[in-house]
Amino acid sequence: MTGQAQEIGSEGVAASGRPPAPTRAQRLAQDAADAAEVRRWQDHPDVIALRVERVRTQVDRLCWAGIVLGLAFTMANVQWFAASGAVPWSLPWLTAWLLDPTVSLVLLAILRAEQVTARYQVHTGRWVRVAKWLALGATYVMNTWASFAAGSLAGVVLHSVPPLIVFAAAEAITDLRDKLTEAVNAAVMETAEPAEPRALPDTPTEVRKPRPAREQPAASSRRKLFADYLGEARQAWTPHVVVTPAWVREVTGCSRGLSPRLAIALANELKSTSDGEETQS
């Protein structure tokens with residue numbers, strides 16, 4: 001009777017078409033394989049770059065919102081300072097409203113340009129920072145002059161906070177963009193040539209076998225470092241070539257995030273060599 005019951009049970013399973021349920025060990029093995037695949041994607045430089053770009057977008061939006069609101073707050077005080085007691089709606093009173101937008105637009109133009117230069121780690125000249133500080137300093141003085149003249153400490157504090165916040169944000173946002181770019185470049189340098197992720201197993205019972213400890217990777221699959229890319233670019237350069245990130249990517253096959261740093265490093269190296277030859281001659 002027992003043998004007949006087992007045969008009937010097997011026939012019932014086969015007739016229903018349902019595969020046997022995976023064991024706990026098989027489910028854990030599949031979870032481990034899925035977790036390993038997720039970690040491999042999380043460490044991929046393109047995934048890291050995408051996350052950094054999202055953070056960069058959030059940082060830009062928050063900083064721009066704070067800067068615009070701070071400049072809008074100072075507009076009324078600057079207009080009052082420029083009007084200097086003029087009759088409301090008279091020509092001097094209306095003209096005074098142009099002073100704060102003039103300074104603010106120059107400041108916003110500089111910050112917008114630095115948004116692009118900091119992304120590619122291109123340092124601006126001295127006059128850019130001078131113009132930015134001059135615009136911020138002029139806004140601060142015009143915004144707090146009346147409070148200083150009246151000897152109102154509370155007024156000085158109140159009207160100092162927005163310009164100082166704008167000044168700090170204008171300086172910090174450039175450094176933040178530069179550090180975010182460095183984060184992407186660091187991820188690219190750590191995994192310059194990541195291996196292509198393998199497809200997930202077709203069945204839940206398939207488990208990847210770990211690589212034996214004695215197996216060594218081939219010499220040709222060694223990870224390329226920053227110095228390797230720089231050496232290839234140095235060998236490919238000729239005197240008539242202008243070093244650009246696009247040219248570096250073409251001759252070395254490096255990623256888009258790494259090419260700006262390689263171009264800067266090679267350009268500085270060529271410039272140092274040229275200066276040394278001119279000095280000797």
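The following questions and answers go through a predicted model of one chain, from its overall make-up to single residues.

Trainee: How many helices and how many strands are there in the chain?

Mentor: From the N terminus on, the elements run α-α-α-α-α-α-α-α-α-α. The chain therefore has zero strands, and its helices number ten.

Trainee: What share of the residues in the chain is buried?

Mentor: A residue counts as buried under 20% relative accessible area. The chain exposes about 18,900 Å², with carbon and sulfur atoms supplying 63% of that area. Of the 281 residues in the chain, the buried share is 29%.

Trainee: Within what arc do the buried residues of α5 fall, seen down its axis?

Mentor: Helix α5 covers residues 99-119, and its 21 residues reach 31 Å from the first C-alpha to the last, close to the 30 Å expected at 1.5 Å a residue. Its buried residues are Asp 100, Val 103, Ser 104, Leu 107, Ile 110, Leu 111, Glu 114, Gln 115 and Ala 118. Seen down the axis of α5, these residues line one face of the helix, because they fall within an arc of 155°.

Trainee: Which residues does Leu 107 touch, not counting residues up to four places away in sequence?

Mentor: Leu 107 has its place in helix α5, and at 1% relative accessibility Leu 107 counts as buried. Its C-alpha is 10.0 Å from that of Val 128, a residue 21 places apart from it in sequence. With residues up to four places away left out, the residues that Leu 107 touches are Leu 71, Lys 132, Ala 135, Leu 136 and Val 166.

Trainee: How many residues apart in sequence are the parts that the pair of Lys 132 and Glu 114 ties together?

Mentor: Lys 132 forms a salt bridge with Glu 114, in which the closest N and O atoms are 3.1 Å apart. Lys 132 lies in helix α6 and Glu 114 in helix α5, so the parts that this pair ties together are separated in sequence by 18 residues.

Trainee: Which helices each supply at least two residues of the nonpolar patch on the surface?

Mentor: The patch is formed by Trp 80, Phe 81, Val 141 and Trp 145, which together have about 450 Å² of accessible area. Among them, Trp 145 has its place in helix α6. The helices that each supply at least two residues of the patch are α3 and α6.

Trainee: What is the phi of Trp 89?

Mentor: Most residues other than glycine have a negative phi. Trp 89, in the loop between α3 and α4, is exposed, with a relative accessible area of 68%. Ser 84 lies in that loop too, and has a positive phi of about 55° although it is not a glycine. Trp 89 likewise takes a positive value, with a phi near 70°.

Trainee: Which residue with a positive phi follows α9?

Mentor: The buried residues of helix α9 (residues 245-252) are Trp 247, Val 248 and Thr 252. They cover an arc of only 110° around the axis, which puts them on the same side of α9. The helix is followed by a residue whose phi is positive, near 75°, namely Gly 253.

Conventions:
Residues are numbered from 1 along each chain as its sequence is written. This is a predicted model: local features need pLDDT of at least 70, side-chain atom pairs count only at pLDDT 80 or more; totals for chains, interfaces and linings use all residues. Side-chain values use heavy atoms; hydrogens and water are left out. Helices (H or I, at least four residues) and strands (E, at least two) are DSSP runs, numbered from the N terminus. Buried means under 20% relative accessible area, exposed over 50%, partly exposed in between (1.4 Å probe, protein chains only). Accessible areas come from the Shrake-Rupley method with a 1.4 Å probe; for residues, only the protein chains shown count as cover. The expected span of a helix is 1.5 Å times one less than its number of residues. The arc is that of the directions from the helix axis to the C-beta atoms. Patches are made of residues with over 30% relative accessible area and no salt bridge: like charges are joined within 9 Å, nonpolar side chains (Val, Leu, Ile, Met, Phe, Trp, Tyr) within 5 Å. A salt bridge is a side-chain nitrogen of Lys or Arg within 4 Å of a carboxyl oxygen of Asp or Glu. Contact means heavy atoms within 4.5 Å.
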